[in-house]
Amino acid sequence: MKYKVSLLPESRKKQINARNSIKKITSVSLICLAVLGAFLAVVFAVNLYANSQLKEAERLDNECLAEIEKLSSYRDIHSALQQKVNLFDKIQVKEPQLYSFIVEWSNINHPGVSIDSIECANWKTDRLCTIVGSCDSRDEYLAYEKALSKITGVVSVSCVSYKTNVGGDETDPATFTISVSVEGGVQVVETTTAATTEATTAAQ
């Protein structure tokens with residue numbers, strides 16, 4: 001059996017052992033730093049990729065929102081047009097004469113005359129329209145009344161009321177109500193069947 005005997009002093013032995021320990025610690029630290037650096041590089045790469053994907057997703061989302069807004073505006077336009085088409089179809093199919101009357105009435109050039117409302121409540125039976133408005137002078141009112149009488153199908157134009165602001169400001173307009181009668185009214189006739197008459201007679 002062989003034994004190693006060191007002739008170095010004890011202090012020197014401690015220095016060498018300490019130096020070897022430092023080398024080992026340094027090596028381990030360098031390995032840890034290398035692993036940590038690699039981990040940070042991976043994290044940075046993943047974060048960079050995630051940010052790029054997030055920006056792409058935000059871009060696509062903004063494009064989708066813009067398209068949705070466009071579609072919403074198109075939908076609103078379509079709804080408005082559809083309502084007008086439905087109104088036109090109803091007027092054209094069910095009441096073509098009312099449609100023609102409204103078109104001609106709206107095309108009347110009436111300077112100095114302001115219309116507040118037009119009502120054709122009993123058009124199917126009476127063919128009557130009531131127009132309420134105001135005017136700056138009597139001559140302007142008469143000119144408007146004459147223009148109404150020239151509309152196709154108009155039978156008569158009657159002044160229901162004409163009021164001026166007596167005692168007020170001379171610049172205040174006069175108010176008027178006009179009744180317009182159009183040809184083509186249908187008289188409603190109540191009919192009673194023989195069976196109904198007999199039942200009524202029996203009840204009496």
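This note sets out numbered points on the predicted model shown above.

1. Basis. The model is predicted, and local features are reported only at pLDDT of at least 70, side-chain atom pairs only at pLDDT 80 or more, while totals for chains, interfaces and linings use all residues. Residues are numbered from 1 along each chain as its sequence is written, and side-chain values use heavy atoms, with hydrogens and water left out.

2. Overall fold. The protein has five helices and four strands, where helices (H or I, at least four residues) and strands (E, at least two) are DSSP runs numbered from the N terminus. From the N terminus on, the order of elements is α-α-β-α-β-α-β-β-α. Of the 204 residues, 14% count as buried. Buried here means under 20% relative accessible area, exposed means over 50%, and partly exposed lies in between (1.4 Å probe, protein chains only).

3. Nonpolar core. The largest nonpolar core has 20 residues, and those with the most contacts inside it are Phe101, Tyr144, Leu148, Ile178 and Val180. The elements giving two or more residues to this core are helix H2 (96-106), strand E2 (128-135), H4, strand E3 (154-163) and strand E4 (174-182). E4 gives the most, with five residues. Such a core is a set of buried Ala, Val, Leu, Ile, Met, Phe, Trp, Tyr and Cys residues joined through side-chain atoms within 4.5 Å.

4. Helix H4. In H4, the buried residues are Tyr141, Tyr144, Glu145 and Leu148. They cover an arc of only 100 degrees around the axis, which puts them on the same side of H4; the arc is that of the directions from the helix axis to the C-beta atoms. On the face turned away from this buried side, H4 carries the exposed residues Asp139 and Lys146. The length is also in order: at 1.5 Å a residue, the twelve residues of H4 (residues 138-149) should span 16 Å, and the end C-alpha atoms are 17 Å apart, which agrees. The expected span is 1.5 Å times one less than the number of residues.

5. Salt bridges. The count comes to two salt bridges, with a salt bridge taken as a side-chain nitrogen of Lys or Arg within 4 Å of a carboxyl oxygen of Asp or Glu. Glu56 pairs with Arg59, the closest N and O atoms being 2.4 Å apart, and Arg59 also meets Glu63 at 2.7 Å, N to O. An α-helix has 3.6 residues a turn, so residues three or four places apart point the same way. The relative accessibility of Glu56 is 35%, so Glu56 counts as partly exposed. Arg59 is partly exposed, with a relative accessible area of 39%, and Glu63 is partly exposed at 41%.

6. Surface patch on nonpolar side chains. Leu30, Leu33, Leu36, Phe39, Leu40 and Val43 make a nonpolar surface patch of about 600 Å². Patches are made of residues with over 30% relative accessible area and no salt bridge; like charges are joined within 9 Å, and nonpolar side chains (Val, Leu, Ile, Met, Phe, Trp, Tyr) within 5 Å. Accessible areas come from the Shrake-Rupley method with a 1.4 Å probe, and for residues only the protein chains shown count as cover.

7. Arg127. The phi of Arg127 is near 55 degrees, a positive value in a residue other than glycine. Arg127 lies in the loop between helix H3 (123-126) and E2. At 9% relative accessibility, Arg127 counts as buried.

8. Cys135 is found in strand E2 and counts as buried, at 1% relative accessibility. Cys135 and Ser114 are 21 residues apart in sequence and 6.1 Å apart in space, C-alpha to C-alpha. Cys120 sits in the loop between strand E1 (113-119) and H3, and at 21% relative accessibility Cys120 counts as partly exposed. Cys120 and Ser179 are 59 residues apart in sequence and 9.9 Å apart in space, C-alpha to C-alpha.
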